[in-house]
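Hi everyone, thanks for making time this morning. Please have the sequence and the structure open while I talk.

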Amino acid sequence: MTAIKQRPPEKNLHSQHMKRLLGIVNVSQAGQTKKTCYMCTQISTVRPVRVTNSDKGDFYKRQQTWEENPEFDLHFEKVYRWVASSTAEKNSFISCIWKLNQRYLRKKVEFVNVSSQLLEGPESVPSGESQSVAGGDEDVLDEYQELSAREEQDIESMMETCEYAISNAEAFTEQLSRELQVLDGANIQSIMASEKQVNILMQLLDEALAEVDTIEGKLSSYEEMLQSVKDQMDQISQSNHLIQISNTNNGKLLDEIQFLVNYMDLSKGHIRALLEGDLSSPKGIEACINASEALLQCISVALRPGHDKLTAVKQQQDLFSDLRDKFARRLTNHLNNVFIHQGHDQSSTLSQHAAELTLPKHNPLHRDLLRYAKLMEWLKNTQREMYEGLSRTYVDYMSRLYEREIREFFEVAKIKMAGTSKEAKGKLQATLPRKESALKQETESLHGSSGKLTGSTSSLNKLNVQGSNSRRSQSSSLLDMGNMSASDLDVADRTKFDKIFEQVLSELEPLCLAEQDFISKFFKLQQHAAVAPPLARPETEESDGNMLRRMPPHVEHRHSLSSDKDMVRLMMNKIFQCIETELNSLIALGDKIDSFNSLYMLVKMSHHVWTAENVDPASYLSTTLGNVLVTVKRNFDKCISGQIRQMEEVKISKKSKVGILSFVTGFEEFAELAETIFRNAERRGDLDKAYVKVIKAVFMNVEKVASESQKTPRDVVMMENFHHIFSTLSRLKISCLDAERREAKQKYTDHLQSYVINSLGQPLEKLNHFFEGVEARVAQGVREEEVSYHLAFNKQELRKVIKEYPGKEVKKGLDNLYKKVDKHLCEEESLLQVVWHSMQDEFIRQYKHFEDLIGRCYPGSGITMEFTIQDMLEYFSSIAQSH
């Protein structure tokens, strides 16, 4: 800085290039060795320059331009980063650049991170050393004005017309001065020539000024008049504004009053209907429905802010609450009485329906009660406690009514079922007293006062459900009946049982569906969100009442059932709580009468469960029948297990022939019955599985009995029984037992052949032993033609053996064989002729075999049998015809 003060760069450098210095700052490059540099701003350039001290002398020269810096950055082609010697110099320099930018540049330079105080004016720039340098040129900056493009073009064209404009500036300047003087003279002469016209113009201007004064005076008077009108209009506008505000307030007040009158006013007719309306007649019920809906609208109206503070609104709300409570109590009392009376009236027809094995229809009761459905919805929305209490009352009375009807219905069904056997019917009727005695006996048995189970069937069933052996625990009359075998019942009895069981299910299904549909409609359980079921609350209070009272509302809601369907199902469980018990008891009785009844029950129950699931998979009927179906399936499995166990326990007589085993005929009966019952049934898969189990047991036990048989040959037992099994499977065409059918046929064929071969060895026993010896020698390596040279098998021995079997002896032996076979075989299967024909074929085969051996081992001997094949055919035919 000392050097710059002694010799300023403006004098050294800028005067040489005819440029004026406006700003200067002492800087050094950031991150490099400090070197004395000056940054200058000039008028003639848009770029700052850097001035540095030359190494050769004490003068300065201009360097390259640069761009922007963080503390002091200049952005040009690249970024130049500088550090000023002091903050004051930096601020002064930046302020100078900003002024030049504002004055000369059309495209403004962007200043980033620069204080707004530096960009406002010269007064914001701190005083400093460089400020003094730039201050002297401030006036020059204000006087200087850049030439426009037009002026530059004119100057250039003028200089082009003068050849020495550049080479001899003084001559060019003198020429310009002379031309300027000529122009000034011409201008003055022109002005002097137009003086008269100027005077005329001045006179016209004076007249115009006078006219303007006149007009201004008139305008002033008009303005005063308009001012008074303006004041009056302002007063009128203010009055109109006040009137408008008043009208707006009155309109809003009228809207509020109309709102309250429209939504908070209940007509006298509605009040009279709520307090005194007839709930028995259709017109009265309709009036009460309309009044209750109007009351609900008044109660549910959303009041605007501040309405609840009005005395009239409070009085109306109190009136509505009082009307709501009174009408809710009146409606609840009336419906309670309706439930009670309808229950008593309906019970009078129980005996008539029970005798016909039908359940009373409750359609009239449902039709009468459905008139109150909208009132029940109103009660549900306004008085939830009364609604739940009314629901519990309905469930309580209807459960008693249905329990009486269903128990009476099932008692008659049991009598009709037991009637399939006369003995069972007599014993069952002997234990069924009149209804009053049955109810009394039920009460005593429930309290444990009786040691013997001698009550009615319904009371026994109720006790059995509480015990562990509900299926086999019946009344004493049923226990005395004992197990009845399937052979004691004919097809007609089973068909009758099937019809009775179907009648029971057909009566229960519409009854449950109708009641469930009524509950959904009457109690409005399909249109609103789930609520806590009225039947669940008392049980919860009994189990843990204190905890329930302490629960906050959101906890109670969390413990409520998830949907209306759950509530309907819970009410149905309460109303029809005896159905599942009675069905299980009826199923146990049917199984007791005949174990094959489980087949009928499985098919019927499966069909009804499938039908109920198609209607509503989550319905009470579907759930209950599904539970009972499990019991029926269990009984069916027990029936199959019982059949298998009976096979394993079969004992045969040692003194009589076996014949067709009882369990083989039992399987035939079972298969025929099952195919009849399960035709087009949904549970065919269960039957196929049972078939496989039973047929395996049949095969195994047939072989077991055949091995244990002493009177009848094993082959005969196997042959006859497997032939019977094959015939049964072929006739019934059970697809799942095709493999077993083929196996039965193979076993029958094998044991028939074995029996025939073993039996035929006796009529020609010596001849058979002789040729067996011949075959043994040949097998040992002796040539066939040399066999006759052995002493034991020479021609003489052969003739001797053949002579022992003349045709008469052969026929006698075959006749004895026929009688023996006849003793072995049973008459039921009629296999005697089949076996006899097989023996004929086998005998002929042996005969041909003997002749072949004679021809090969005794060639040329001329030895032949004493009888021919034709003789044998006559023997077999005559023996068969004679017997």
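Let me begin with a question: which residues gather in a patch of negative charge on the surface? They are Glu 146, Glu 151, Glu 152, Glu 156 and Glu 160. Before going on, the ground rules: this is a predicted model, in which local features need pLDDT of at least 70, side-chain atom pairs count only at pLDDT 80 or more, and totals for chains, interfaces and linings use all residues. Residues are numbered from 1 along each chain as its sequence is written, and side-chain values use heavy atoms, with hydrogens and water left out.

Lys and Arg count as positive and Asp and Glu as negative, while His and the chain ends are not counted. A charge is placed at NZ of Lys, CZ of Arg, CG of Asp or CD of Glu. Areas come from the Shrake-Rupley method with a 1.4 Å probe, and for residues only the protein chains shown count as cover.

Glu 152 is found in helix 6, residues 149-161; helices here are DSSP runs (H or I, at least four residues), numbered from the N terminus. With 37% relative accessibility, Glu 152 is partly exposed. On that scale, buried means under 20% relative accessible area, exposed over 50%, and partly exposed in between, with a 1.4 Å probe and protein chains only.

There is a nonpolar patch too. Val 198, Leu 201, Met 202 and Leu 205 make a surface patch of about 340 Å². Leu 205 belongs to helix 8, residues 195-263, and is partly exposed at 42%.

Now, salt bridges. Side chains of opposite charge can pair when their charged atoms come close. The rule asks for a side-chain nitrogen of Lys or Arg within 4 Å of a carboxyl oxygen of Asp or Glu, and the count comes to 26.

Take Lys 326 and Asp 322, whose closest N and O atoms are 3.1 Å apart. Both lie in helix 11, four residues apart, about one turn of the helix. Lys 326 is partly exposed at 39%, and Asp 322 is partly exposed at 33%.

In helix 26 (residues 620-648), Lys 633 and Asp 637 are also four residues apart, about one turn. Their salt bridge has a closest N to O distance of 2.8 Å, and Asp 637 is partly exposed at 31%.

Then there is Arg 683 with Asp 686, at 2.5 Å from N to O. Arg 683 is partly exposed at 23%, whereas Asp 686 is buried at 14%. Elsewhere, salt bridges that share partners join Glu 403, Arg 407, Lys 414 and Glu 582 into one network.

What about disulfides, meaning a pair of cysteine sulfur atoms within 2.5 Å? A search of the whole structure finds zero. For Cys 578, the nearest cysteine sulfur is that of Cys 512, 9.6 Å away. Cys 578 is buried, with a relative accessible area of 4%, and Cys 857 is buried at 1%.

One last stop: is His 307 buried or exposed? His 307 is buried, at 5%, and sits in the loop between helix 10 (282-300) and helix 11 (311-347). His 307 and Leu 260 are 47 residues apart in sequence, with their C-alpha atoms 8.7 Å apart in space. Thanks, and I'm happy to take questions!

Terms used:
Disulfide = S-S within 2.5 Å. Patch = residues over 30% accessible without salt bridge, like charges linked within 9 Å, V, L, I, M, F, W, Y side chains within 5 Å. Helix = DSSP H or I, 4+ residues; strand = E, 2+ residues; numbered from the N terminus.
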